[in-house]
Amino acid sequence: MRYCINCCIHLLPNDLHRQCFRCRGPNHNNQKCPVCKGENNIPLYTDSKQMKLLAVLEVRTDHRESWNGFFCLRKGKLCSLIFGLIIMTLVMASYILTGAKHGLLLIPSPFHYGAFTSNPSLMDNESLSDMKDHYQPSKMNISYVKDYPSIKLIIDTITSKIEFMTRQRPDLEELRKQEPHMFSVIPNKFLPNSKNPCWYEEYRGNTTTDPYATNSYALYSKRFRTIFDYLRKVFWNHLYHYKDKHYRLRCLPHFYIIGQPKCGTTDLYDRLRLHPDVRFSAIKEPHWWTRKRFGIIRLRDGFHDRYPVEDYLDLFDLAAHQIQGVLQSEAGKEHGKMNNIIIGEASASTMWDNNAWIFFYDNSSEGEPPFLIQDFIHAFQPNAKLIIMLRDPVERLYSDYLYFASANKSAEDFHEKVAESLQLFENCMLDYSLRACVYNNTLNNAMPVRLQVGLYVVYLLDWLTVFDKDQILVLRLEDHASNVKYTMHMVFQFLDLGPLSEKQEALITKSPASNTRRPEDRSLGPMLPTTKAILRDFYRPFNTKLAQVLFDDAFLWKRT
């Protein structure tokens, strides 16, 4: 039995495979042949019998068509590949060009790629924010001790660029132009018989009007609604009626606990509010001056409606009701009794967080904010008192990391985040001033850890451009932890608070500490010795300047 050399199948008994055009000779015409035109599938015969196969063998009548299909397929894939490369090129070009507008350089971590690159890529603001949220630590097995010399070069560069320049203070008219509504609501004089800054404001609503219907704190947070439900019930009982008009007492805080986060401000707040003459806002940390008045809840979530100053003043209504009770009492009316109740506010962002300025105020040529939080507070309350609680910035940063990091927390991960943040800070310092970098929103959102919060002296010097030194009390958490009674006495004296009974003092000073480190964070242990050495070097020049400003070497934190 022979085979057709073209089809590799057994030939029929007549020795000619008539179904194959190559077996029919050179004069065969495929277009005119009815077999070639109409039949593509043929049965397979062996010894004149049809085989019962499990599948039908398909034989193409024109092998040139097979090759044409193959080439078409290859061309389609090639076109798709070229199209994909063009799209990728356009995306990368857009990515690089957009990032170049912000002028912030981002270098890959040296622990991933070795040496520091001198020509880092540019990233846009949104990408930098995403980097912070999605940053994942390296899985490489590296020796952190060997990192120190490389990072020390970065710190030396930063140190060489440090200049503590005096800030130019804006005048009052410039502030009025920026916040006209705020100046229309808050008066420039307060009641003379109240130690706390308060004033009467005419209320034009009626008994069916909800005075807190539009309060943003009540609308956007469920946990504050109980407070406002109570305020609604007692609101009309505390209105002052005079000549057929209704007046409500409005108050601002007498003092502010302005910082810093993870430095014991919560513990100080919890102890101070036990004093019989101290009241606080209905919410511990309103963050109004720094965030809410700009419509910021979380900067990465974008902007919401701005919280007007009236919403902020509503938070002090509970305290205002008690102050009004003293002023309207019989003794107060007859003898002009002085109100000694004072109100405090304890947003730990007030000292340092000016990230929103770039979105609302015209940028200056040097990249520094033209207006800061303290400018506006001083415009309304030139006699305000400010309390600052500080802590060794190295330990503060690690505590901050443990509190805010959501996953993969470890001493090694902290080390890498510190290194990356130092690189970003160095890049900024190469082109901008120290103040511009400290208040740089793009940089602050990009750094995996908040290095800038520990640069205490930069913020303090800016507050001292508008407030006198005797209006600011600076404490150390280390002293507070070792001798609560001593630090609380300093605070009482600073605020001119009256004497306490032994029982009241014991209640305030012997209460357990608030907001201590969580057990699961304690189990992670301390930071790596190399990380601590790196941060000591970074913060040293700032601590040195702080100790000089405060005339106290304890702020060098040499023994901690």
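## Exercises: reading a predicted model

Gln471 sits in the loop between α20 (456–463) and β12 (472–476). Helices (H or I, at least four residues) and strands (E, at least two) are DSSP runs, numbered from the N terminus. A quick note before we start: this is a predicted model, where local features need pLDDT of at least 70, side-chain atom pairs count only at pLDDT 80 or more, and totals for chains, interfaces and linings use all residues. Residues are numbered from 1 along each chain as its sequence is written, and side-chain values use heavy atoms, with hydrogens and water left out.

**Exercise 1.** Work out whether Gln471 is buried or exposed, and find what it touches.

*Solution.* Buried means under 20% relative accessible area, exposed over 50%, partly exposed in between (1.4 Å probe, protein chains only). Step two: Gln471 has 11% relative accessibility, so it counts as buried. Step three: look for contacts (heavy atoms within 4.5 Å). Leaving out residues up to four places away in sequence, Gln471 touches Pro382, Asn383, Ala384, Lys385, Leu386 and Phe494. Step four: zoom in on Ala384, whose backbone oxygen lies 2.9 Å from a polar atom of the Gln471 side chain.

**Exercise 2.** Describe how helix α5 and helix α25 pack.

*Solution.* Two packed helices are described by the angle between their axes and the distance between the axes. Axes here are lines fitted to C-alpha atoms, for helices over the stretch in contact, and angles run from 0 to 180 degrees between N-to-C directions. Step one: the axes of α5 (residues 148–161) and α25 (residues 529–550) come within 9 Å and cross at roughly 10°. Step two: that makes α5 roughly parallel to α25, a label for angles under 35 degrees. Step three: name some residues in the contact, including Tyr148 and Ile151 of α5 and Thr530 and Ala533 of α25.

**Exercise 3.** Which strands pair with β10, and how well covered is β10?

*Solution.* Two strands pair if DSSP finds at least two bridges between them. Step one: β8 and β10 run parallel and are joined by 2 bridges, with Tyr256 opposite Glu345 in β10. Step two: β9 and β10 also run parallel, joined by 3 bridges, and Phe280 has Gly344 of β10 as its bridge partner. Step three: check the faces of β10 (residues 342–345): Ile342 and Gly344 on one side and Ile343 and Glu345 on the other are all buried, leaving both faces covered.

Technical notes. Parallel < 35°, antiparallel > 145°, perpendicular 65-115°, else oblique. Polar contact = N/O pair within 3.5 Å; in protein donor to acceptor, adjacent residues only side chain to side chain.
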